[in-house]
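These are my notes from a first look at a structure that was new to me. I wrote down each thing I looked up, together with the cut-offs behind the terms.

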Amino acid sequence: MDDPTAPFEFLGLTFDWGTILSTLLAMAIVVIVSVVLTRRPTVRPGKRQNVIEYLLDFTNGIVDGQLQKKQARQFGLYAFTLFFFVVVSNEMGLLLQLQGTDGVTYIKSPTASPIVTMTLAIMSLMVAHGMGVQKLGFKGYLKNMLLTPYSWMLPLNIIEQLANFLTLSLRLFGNIFAGEMLLTLVANSLAWPGHLNGFVTVLALPIEMVWQGFSLFIGGIQAYVFVILTGVFIAQLSGDE
Amino acid sequence: MFGLTTLAANKLPLGNMLFIIISFLLLMLILKKVAYGPLTKVLDERADKISADIDGAELARQDAEKLAVQRQSELADTRQQATKVVADAKASAQKQSDSLISTASDRATLINKQAQTDAEKLKEDAISNAKNDVAALSVAIASKLMQKELSLNDQQALIDAYISDLETK
């Protein structure tokens, strides 16, 4: 399952065109959609504004349900951006996958790559830990994270923090990766003679359509879960639970 | 695609991670500028407006109720006043007509009385005149008789003269 990649070195760091292009495309979609939907916002919303307001209300609802007012306000923008980006990333690969002649998939769901989901998870956990420190102070934060409810649970708590990171990132990755993998398998087995040349857009056939529909659903759910879990971690690390 | 095995075996693509984090932060900034900021502002404005509108509606309702009560009492006052005015007008009209009637009847009585006294006076005058006349006549007759009693002729002449005297009178 190690597909070819197109890595390059820059300033001693390793980059990978597939991930970068996919991420950029997803972000471009997010930006364009929000710019188009939010043009000239008014107190009495129009049709387009209603759509993005629904989205914002949705993420604000997730946040408000878990956090106190002050933290919710701080976390709102992050939750909104995260949900929007993850949803677009999850669904992007269902509609569009571009493969180069060298066999490298340049455009796919960014979240089908463990690097992207792990990075997102690291970021979310950094936000959660940061907000914990901000709220409880460094000492209180450490005590709340490691010695609660009993100090002898310290090892368990350390494992829990590691597990948080892994479950958060690998859940998203696994769902999206598996969905796309199955999509590709179905497409390959349906494409006769089973060999793909040049840039190929994966066309939808009945099975493919059913699985795409299901993956669409999964993508939405996983984005929701990702944001919810981030909120849960913030609440936990801020001692709200 | 980076499988997990690649991750474990090869070097970690740190560049990718940095790229994702930095671009995500940029995305957050851009979204704050184009969507989250304006939308949150608009949502807050709407919430404020709605609560202000609700307060305003409550105030307006109270005002309206107050006004309605005031109007009601004013209306009752006005009705009372109107009744009073009508009653006053009726009473004053009655009074005026009574006084007119009484004046008229007084004057009528007066005129009547005057007429009666006038008539009585006339009558008395006439009677006294007649009395005077009769007395004068009697005196005249008596004097005539005394002057001319010698003869029948004289008498006759006297009577004639008297009669002619009467006629001329």
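How many residues apart in helix α2 of chain B are Arg61(B) and Glu58(B)? I found them 3 residues apart in that helix, which covers residues 14–147, and so they are separated by about one helical turn. Helices here are DSSP runs of H or I with at least four residues, strands are runs of E with at least two, and both are numbered from the N terminus.

Before going on, I noted that this is a predicted model, in which local features need pLDDT of at least 70 and side-chain atom pairs count only at pLDDT 80 or more, while totals for chains, interfaces and linings use all residues. I also noted that residues are numbered from 1 along each chain as its sequence is written, that chains are lettered from A and ligands numbered from 1 in the order in which they are written, and that side-chain values use heavy atoms, with hydrogens and water left out.

**Salt bridges**

I looked up the salt bridges next, a salt bridge being a side-chain nitrogen of Lys or Arg within 4 Å of a carboxyl oxygen of Asp or Glu. Side chains of opposite charge can pair when their charged atoms come close. The structure holds 5 salt bridges over all chains. One of them joins the side chains of Arg61(B) and Glu58(B), at 3.0 Å from N to O. Arg61(B) also meets Glu65(B) in a salt bridge, at 2.8 Å from N to O, and these two residues are 4 residues apart in helix α2 of chain B, hence about one helical turn.

I checked how open these residues are, taking buried as under 20% relative accessible area, exposed as over 50% and partly exposed as in between (1.4 Å probe, protein chains only). Arg61(B) counts as partly exposed at 42%, Glu58(B) likewise counts as partly exposed at 36%, and Glu65(B) counts as partly exposed at 45%.

Glu74(B) is partly exposed, with a relative accessible area of 37%. I then saw that salt bridges that share partners join Glu58(B), Arg61(B) and Glu65(B) into one network.

**Chain B as a whole**

Chain B has 3 helices and 0 strands, and from the N terminus on its elements run α-α-α. Buried residues make up 15% of its 169 residues. Its accessible surface comes to about 13000 Å², of which 62% belongs to carbon and sulfur atoms; such areas come from the Shrake-Rupley method with a 1.4 Å probe, and for residues only the protein chains shown count as cover.

I also looked at Lys144(B), which lies in helix α2 of chain B and is partly exposed, with a relative accessible area of 25%. Lys144(B) and Tyr162(B) are 18 residues apart in sequence and 7.8 Å apart in space, C-alpha to C-alpha.

**The nonpolar core**

Which residues have the most contacts inside the largest nonpolar core? This core has 63 residues, and I listed Phe75(A), Phe80(A), Leu82(A), Phe84(A), Leu120(A) and Phe24(B) as those with the most contacts inside it. A nonpolar core is a set of buried Ala, Val, Leu, Ile, Met, Phe, Trp, Tyr and Cys residues joined through side-chain atoms within 4.5 Å. The elements that give two or more residues to this core include α1 (17–38) and α3 (69–95) of chain A, and also α2 of chain B. α3(A) gives the most, with 14 residues.

For Phe80(A), leaving aside neighbours within four places in sequence, I found contacts (heavy atoms within 4.5 Å) with residues including Ile52(A), Leu55(A), Leu31(B) and Tyr36(B).

**The end of chain A**

My last entry is Ser238(A), which is placed in the segment after α6 of chain A and counts as buried at 1% relative accessibility. Not counting residues up to four places away in sequence, Ser238(A) touches Gln71(A), Met131(A) and Asn144(A), among others.
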